[in-house]
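Open the model in your viewer and have the selection tool ready. The tour goes from one selection to the next.

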Amino acid sequence: MIRIGLAGWGDHRDLYADGTPAQDRLQRYGRYFSTVEVDSSFYAVQSERNYAKWAEETPVDFAFVVKAYQGMTGHLRGKNPFDSTDAMFRAFLDSIRPVREAGKLKTVLFQYPPWFDCTRDNVAVLREAKERMGDVPVALEFRHQTWFNPAFRDKTLAFLEAEGWMHSVCDEPQVAPGSVPTVLKATHPGVTIVRFHGRNADGWTKQPDRDWREVRYLYRYSEAELAEWVGHLRLLEQGSVEVCVIFNNNSGGDAAKNALQFMDMLGLPHPDLPPPPPEQLGLF
């Protein structure tokens, strides 16, 4: 089984070209896609009320990939709003209870930062995080190439499999050392995650004057690039019952159209996009 979805549901203008109000967008989103990545959970632990609302607004077979809070993955800069690591993990686990109880939590995605390299200490960090999450399904994504260097690649994959981590397979710019290659290996029998970040190498590394989100994921996949992934997904399906694909290339608003294009290539049905609003003719 292959699920296709997007990172977030609020900013994909192609889905809401007819002016769908913000409060109705998740319901509209659920007509097109069967999964979504919750990104807001990275920036702040969301309320149980939010998750309950999202679970209620989505179809019965809908699935959420929830990003771990930034304090749980070493991204946080500045004061931690929680008194302890225990309190932070407990608050996060409490928050996602509604989607777990609704049977709609596919996984919690732990995406570690570019400076999180392959060391003994960091392996211990991963073990501790996995233990704190208990029986909650978890996926792991790296952003430092050392984890998949020839000397460590097989050991990293064996570690993920032994510890029960789902592998988050990436399509992203190959910019050493702050990126990882595409490693087509499932490490969990139930689920493998695939995330399309685009291939904008300049935007991936530069520190822009404007918000980095406006440039890092600025990329439109070509039909030929997506066609390569049809075979890749078939390979990953051999190792997992389900593959969840998330398009994150939305700095220029390309994620929704690329995802629907990919669904067409895979033979997955979806409604047509709403027509774009009429263009306003200028006076000059």
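This is a predicted model: local features need pLDDT of at least 70, side-chain atom pairs count only at pLDDT 80 or more; totals for chains, interfaces and linings use all residues.

Select α9, residues 223-237, and α10, residues 255-266. Their axes lie 10 Å apart and meet at an angle of about 55 degrees. Look along the pair: α9 passes α10 in a right-handed crossing.

Now show the side chains of the contact. From α9, pick E223, L226, A227, W229, V230, L233 and R234. From α10, pick N258, Q261, F262, M265 and L266. Colour them by class: eight are nonpolar, two polar and two charged. Watch the spacing as you go along a helix. An α-helix has 3.6 residues a turn, so residues three or four places apart point the same way.

Stay on α10. How far apart are its end C-alpha atoms? They are 16 Å apart. At 1.5 Å a residue, the 12 residues of α10 should span 16 Å, so the two values agree.

Next, select the buried residues of α10: A255, A256, N258, A259, L260, F262, M263 and L266. What covers them? The cover includes two helices, α1 (25-32) and α9. It also includes the strands β1 (2-7), β7 (191-196) and β8 (242-247).

Step just past the end of α10. G267 is there, with a positive phi of about 75 degrees.

Select α4, residues 85-95, and α6, residues 120-133. These helices pack at an angle of about 50 degrees, with axes 10 Å apart. α4 and α6 are therefore oblique to each other. Their crossing is right-handed.

Show the contact here too. T85, D86, F89, F92 and L93 of α4 meet A129, R132 and M133 of α6. By class, that contact has five nonpolar residues, one polar and two charged.

Last stop: D18, in the loop between β1 and α1. Is D18 buried, partly exposed or exposed? Its relative accessibility is 44%, so D18 counts as partly exposed. Which residues does D18 touch, leaving aside neighbours within four places in sequence? Select R28 and P274. Then draw a line from D18 to P274, C-alpha to C-alpha: they are 6.4 Å apart in space and 256 residues apart in sequence.

Key:
Residues are numbered from 1 along each chain as its sequence is written. Side-chain values use heavy atoms; hydrogens and water are left out. Axes are lines fitted to C-alpha atoms, for helices over the stretch in contact, and angles run from 0 to 180 degrees between N-to-C directions. Helices (H or I, at least four residues) and strands (E, at least two) are DSSP runs, numbered from the N terminus. A crossing is left-handed if the near helix is turned anticlockwise from the far one by less than a right angle, and right-handed if clockwise. Contact means heavy atoms within 4.5 Å. Ala, Val, Leu, Ile, Met, Phe, Trp, Tyr, Cys and Pro count as nonpolar, Asp, Glu, Lys and Arg as charged, and the others, Gly among them, as polar. The expected span of a helix is 1.5 Å times one less than its number of residues. Buried means under 20% relative accessible area, exposed over 50%, partly exposed in between (1.4 Å probe, protein chains only). Angles under 35 degrees count as roughly parallel, over 145 as roughly antiparallel, 65 to 115 as roughly perpendicular and the rest as oblique.
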